[in-house]
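I opened the model to look up a few local features and wrote down what I found, entry by entry. The notes follow the order in which I looked.

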Amino acid sequence: MPTPIALKDITIHPVVEQQGPFFDALGFFPSLTKELLEENSSWLQPSFIDAAGKLILCIQSFVIKTPHHNILVDTCVGNHKPRPTRPFWNMMNSDRFETALKAAGLTFDDIDYVMCTHLHGDHVGWNTRLDNGRWVPTFPKARYIMTERELEHWTQREKDNPASVPWITDSVLPIVAAKRAQLVKNDFAFNEQVQFIPTPGHTIDHFSILVGRPGADALITGDMIHSPLQGKYPDMGMMADYDSPQAGQTRRRVFDRFSEEPTVLCASHFPMPSTCRVHRAGDGYKFVAT
Ligand SMILES: [Zn+2]
C-alpha cells in the first residue's frame, strides 16, 4: 500500500486504481523522437518507460484528510463506463478503487468533497456509479468542486459531439443534474490549507492543489505533468493537451516556484511512489525521491 504523506494535522492518502503501460511514449508525446527517447532511455527504463517503449502511468486519486473533512482529489476511470477508444479502460469492473479507499480507512459515505483538477475521463470516472441503469453520485454526501470554465467547455463539447466525450455524459453531467456540483474559479481557496493553483494548458482551466502550510506542504499536480521527461523538457506537450505551449509555460512557472523547496509533489500519473521534490537541472527540472 502506498505510504500516506503526513503534513502536521493533515494527511494525504494515495488511492490507486491502476498502474501499467497504457500508451506508447512516442504517440503520447507528439514531439518526442525515437532519437530523444533513446538518449533518455537509461534513466527512464524500467521505472517510467518499459522495454517496449510504453509509458508507465499510475491512475490514482488522493484523499486529503483534514481535521474537518475528507476531500477526494480526482476519481480515476471508474466501473461499467463505455470507453470504446480506450480498450484498457472500457467497461472496467474492478474492486481496486474501493479496496484502496478502504485501506485509507474510508468508504464512499465518508467523502465530504470531490475536487476535479480537470474533466478528463481518467479523473472523473468514480464521480458516478451505475444504479439500476442510472448514473448516480458515487459519494452520497459529497459536493463536487470543479471550475465553471472547465465545465462550460466540456458541456459544449458534449452538446456538439457526445460520442467523442462519453465520460462527460456518464460521469460529469449527472453530477450537475443531481445539483452536487459546486462551481469555482481555478484559484479557489477552499480554506487556509487547501488552495487551488491555476495550471492551465493540459485542459482549458486545469488546476493543481496546494495542501498544508509553508514548510509542511504538498502540491497535488493533477495532469500539469505526466512523466519526468516533461521535467527535463518542460515544453514537451502530450497528445490530449488543450494548449501545449501554455502547458509548458505552466510547468516552468510552477516548478520554478517549488524548486529547492520542501514542498512534496504528488505527481498523479508518475508511477508509485508518485511523490518527489523538484530541483532545477539544466534548462529544465529533475525530480528527487522524498
Ligand atoms: Zn490524466
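I began with strand 11 (residues 194–198) and strand 12 (residues 207–213), which run antiparallel and are joined by five bridges; strands here are DSSP runs of E of at least two residues, helices are runs of H or I of at least four, both numbered from the N terminus, and two strands pair if DSSP finds at least two bridges between them. At one point of this pairing I found P198 opposite F207 in strand 12. I note that this is a predicted model, in which local features need pLDDT of at least 70 and side-chain atom pairs count only at pLDDT 80 or more, while totals for chains, interfaces and linings use all residues. Residues are numbered from 1 along each chain as its sequence is written, and side-chain values use heavy atoms, with hydrogens and water left out.

I then looked at the loop between strand 11 and strand 12, where H206 is found. H206 has 0% relative accessibility and therefore counts as buried (under 20% relative accessible area; exposed is over 50% and partly exposed in between, with a 1.4 Å probe and protein chains only). Its side chain makes a polar contact of 3.5 Å with that of H118; such a contact is a pair of N or O atoms within 3.5 Å, where within protein one must be able to donate a hydrogen and the other to accept it, and residues adjacent in sequence count only if both atoms are side-chain atoms. Leaving aside neighbours within four places in sequence, H206 is in contact (heavy atoms within 4.5 Å) with residues including E150, N186, T221 and D223.

Next I followed the chain onward and saw that strand 12 and strand 13 form a hairpin with two residues between them, G215 in the turn having a positive phi of about 95°. These two strands pair in the antiparallel sense over five bridges, with G212 opposite D217 in strand 13. I looked up which way the residues of strand 13 point: A216, A218 and I220 go one way, D217 and L219 the other, and all are buried. On its other pairing, strand 13 runs parallel to strand 14 over three bridges, and L219 has L265 as its bridge partner there.

I wanted the whole sheet as well, and found seven strands in the order 10-11-12-13-14-15-16, open and with mixed pairing. Strand 10 (189–191) and strand 16 (284–288) stand at the edges with a single partner strand each, so one side of each is left without a neighbour in the sheet.

My next entry concerns the zinc ion, which is coordinated by D122 (OD), H123 (NE2), D223 (OD) and H269 (NE2) at 2.1 to 2.2 Å. Donors are N, O and S atoms within 2.8 Å of the metal (3.2 Å for Na, K and Ca), and water is not among the atoms, so sites may look incomplete. In sequence the donor residues are spaced D-H-x99-D-x45-H, and both D122 and H123 are buried.

Last, I looked up N79, found in the loop between strand 4 (70–73) and helix 3 (96–103). N79 counts as buried because its relative accessibility is 9%, and its side chain reaches the backbone oxygen of S94 at 3.0 Å. Not counting residues up to four places away in sequence, N79 touches M92, N93, S94, W126 and W135.
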